[in-house]
Amino acid sequence: MSDETIFIEGGRVIDPAAGTDGLRTVVIRAGRIAEVSERVERPREARAIDARGRWVVPGFIDLHAHLREPGQEYKETVETGARAALAGGFTAVCAMPNTLPPNDNASVTELVLARAAEAGLARVYPVGCISKGLKGEELAEYGELKEAGCVALSDDGRPVASPALMRRALEYARAFDLPVSVHEEDLSLVGKGVMHEGETSTRLGLLGAPAAAEEVMVLRDIALAELTGGRLHIAHLSCQGSVRAVREAKRRGLAVTAEATPHHLALRDEDVARSGYDSSFKMNPPLRSAADVLAVREGLADGTIDCIATDHAPHSLVEKEVEFDLAANGVVGLETAFAVCLALVREGALSERRLVEALTAAPARTFGLPGGALAKDAPADVAILDPAHEWRCDPAGFFTKGRNSPWKGASLRGRCTHAFVGGRLVHELRGALR
Amino acid sequence: MIGRHRHLIGLEDLSREEILQILTLSTSMKEVLRRPLKKVPTLRGKAIVNLFFEASTRTRTSFETAAKILSADAVNWTAATSSVSKGETLLDTARNIEAMRPDVLVIRHPAGGAPGFIAARVACAVVSAGDGAHEHPSQGLLDLYTLAEHLTRVGGAPPQAPPDFDTLAGKTVTIVGDVTHSRVARSNLHGLTKLGAKVRVCGPPTMIPPGIEALGASVHYHLRPAVEGADAVMMLRIQHERIGDPLLPGTREYSKVWGLNERKVKEWLKPSCAILHPGPINRGVELSPEVADGPQSVILEQVENGVAVRMAILYLVSGGAPDQSTEGAARA
Amino acid sequence: MREEAVMNAQAIERHLKRMALEIHERAQGGELAIVGIRRGGVHLAKRLGHELALATGREAPLGTLDIALYRDDLSERASAPVVGPTDIKFSVSGKTILLVDDVLYTGRTVRAALDELVDFGRPRRVLLAVLIDRGGRELPIAPDVVGARLEVPEPEQVEVRLTEEGAKGDEVIVKSRGPA
């Protein structure tokens, strides 16, 4: 927390939690939000930040990112990931536990938190494993994980293949009020598939994984959520069947939440063909058909899908610059998420308010995290975004170590110019100073 | 160059005219194969490297023969399947070979997209000898050539007449077998539709990929309606070795339902219908021995034409410095 | 591009008749076969064959040679030259082969034709007949029978147009840059 008093003036404040959308001044004092009002007198010694033409929003919260530390620091570290997050307007990221060793105990959780504290950048909330060692056999110690600082549980990267284990995980997690974030795919249906099974995979001669591989697991786990009363969160939802299932589950009042990634909202399987087998378009779940993308967009707009989460997955060139079949799954996304989702707003698929909500209040609510709103006396986690800023996506200039982005070389519009964590300005876009 | 293409990665990328350019040239190349001295000095001093990441004697030998007839130096390089855990990546292998300055790289690889991946990163010309289930352009071309040759003969032309590639327009060709995993099927589908033929695919539902209709084929699960009235039937090899994904109960039932034997050929196929197979044949599974060796089979012609077609391909991609503008006719 | 006709149909016919007699003399004692070099020599070969048959009463076998696969300039050209059909149905070994082309210039085409011809067998003898010898040799190649010699400077081109190829009348044209 810093002691500085900062006035963010002239910006359009969008705070869906408070229902605010209009020109306001945001005052930060002693690291907290002091005031959000239309007309505020600024004392001369206070620092002023000119936010005219820009949006001022609660710092974004990402429920799903892979920071690779401990064990795969060549791909990313907590520090580089936290820096990339800030560049994208995210003041908080949840770190997935598929590290080496996986985060199934307090020591790894504490390491992640220690690295985040050393970096002093975005907040990092560790996510613990559902099963010991991510093996899908035994439950990890949820109590210890929660006490050490985990905010949720996930075996992301793999599904929990055993329905019996999934049932027990949902039940046991209730004791610690932890949401369970699930990576849904039936491995036997996926087989050796490397992209979505459909016309494009047929044309490219690549083995495909059908959307049903995701849907059957979503349906299974919704039934288990109903059985156990647990908090089920579906990670990176990608197909119409899954959206339908979640919509129906919510209608029946079940505690099921869901997230979707910017790439599943913006890209489709055709883009793998158009890119010429570029592995920057290879991820799991894969990019799907036009109908699936439409369903995911509609699901986000109508609240079936609660929030946007990046599934930021950095890999090194060794893992990505190979034949499509052999390339690792995953793309980076923290630094491009806002621009990509803003394009959806311009296309009419999403409202501005819903976009901000899906990145702020909704993720906070879904995992029960602090932040996501510009509430009085709350720690001042704030992002200033320029929705008109045009920039060329050059991965060589990313803060993340990963260069695997499907938007490489694209012209994007929309970027974070400033990010505050606890009232401290921890990120500023070069050239954005006025 | 093939039209505006420096590399030959697939038939999907080629226009009808570019395909005809290769086929017409193949006719002249076939004449060379029939000479007493089967050698011309055309590609003397050019180095053609066969970079095969998948075992294949016949395609590799065919390319090698084609190169040698054109007096090029042919070098074979067979790698264990590329895998990051085994050491050298595909990219490193290709770059190492390229450092030895070949003029043409002929690449066969189990991953779709691999030849294109290499072509974008090396300076020499790249010819795909098959990538995963994606394309096998030289096979597609030699099948088109063989079909045109057969149809020209059937159409009453004198035996010495060169194949007329317009004969493919309006004809029906049926492809039978594991279409999902077949690069031969895909290349043929692209080539045949570009030359105006109608394509039917036939096989068990587990072996017909989704969206194949969008590529121009009509789908049949039963063999008889698929082959009745067809001008040519192309049988694909059924691989027993697919572990973990049970597409068939076994080859016995496949052979009964989708295999061709003498009786089915006599009762269901037009007498003028040609029977093709890219090889190697599983005798008794896709084709009975009598059909494979029978009068309607053009399988051996396919092999001979394969050398001519590959000569044409190597000649075109080795042709010249791509940066220079086209010169006028040679000075006599 | 300026075009000037330097020889008309009657002159061409006269030359061909005279060439046929010369060839008959030079080829005495040998079994003659005629091979036209594509593309310019093909129709001339046929005409000479006809004139020879009139003069000798015997039809010599006729073939066509395409030299594209034997060129020496493949690496310098932007795209591979079109390869036409070579059609030699008789054995060349032991025969007197008459190679026929329309215009002899640098000699490279004939060099390629000779290389290709000897890959078909071992002729007893090879004679070269051309309608026009325009000088400018880059290789030591000399014609045995010539229709006419023309001194044509470097940038200009000599073209033989025949009715078999669709021309209105046979003629020899010299093309040069300059006002039309």
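Analyst: Please keep in mind that this is a predicted model. Let us begin with a pair of helices in chain B, where α1(B) passes α5(B) in a right-handed crossing. The contact is formed by I22(B), L23(B) and S26(B) on the side of α1(B), and by L141(B), L144(B) and Y145(B) on the side of α5(B).

User: At what angle do α1(B) and α5(B) pack, and how far apart are their axes?

Analyst: Helix α1 (residues 16-33) and helix α5 (residues 137-154) of chain B pack at about 65 degrees, and their axes are 10 Å apart.

User: How should I read burial, and why is L269(B) classed as buried?

Analyst: Burial is read by counting neighbours, with 20 or more other C-beta atoms within 10 Å as the cut-off. L269(B) is buried because 23 other C-beta atoms lie within 10 Å. L269(B) sits in the loop between α9 (262-268) and β9 (274-276) of chain B, and, setting aside neighbours within four places in sequence, L269(B) is in contact with V227(B), V233(B) and Q296(B). The C-alpha atoms of L269(B) and E228(B) are separated by 5.6 Å, although these residues are 41 residues apart along the chain.

User: Which residues have the most contacts inside the largest nonpolar core?

Analyst: They are L314(B) and V35(C), in a core of 286 residues. Helix α11 (residues 299-318) of chain B gives the most to this core, namely eleven residues.

User: Which chains have the most contacts between them?

Analyst: Of the two pairs of chains that touch, chains B and C have the most contacts, whereas no contact joins chain A and chain C, whose closest C-alpha atoms lie 26 Å apart.

Conventions. Residues are numbered from 1 along each chain as its sequence is written. Chains are lettered from A and ligands numbered from 1 in the order in which they are written. This is a predicted model: local features need pLDDT of at least 70, side-chain atom pairs count only at pLDDT 80 or more; totals for chains, interfaces and linings use all residues. Axes are lines fitted to C-alpha atoms, for helices over the stretch in contact, and angles run from 0 to 180 degrees between N-to-C directions. Helices (H or I, at least four residues) and strands (E, at least two) are DSSP runs, numbered from the N terminus. A crossing is left-handed if the near helix is turned anticlockwise from the far one by less than a right angle, and right-handed if clockwise. Two residues are in contact if their C-beta atoms, placed from the backbone, lie within 7 Å. A nonpolar core is a set of buried Ala, Val, Leu, Ile, Met, Phe, Trp, Tyr and Cys residues joined through C-beta atoms within 7 Å. A residue is buried if 20 or more other C-beta atoms lie within 10 Å of its own, exposed if 12 or fewer, and partly exposed in between; C-beta atoms are placed from the backbone.
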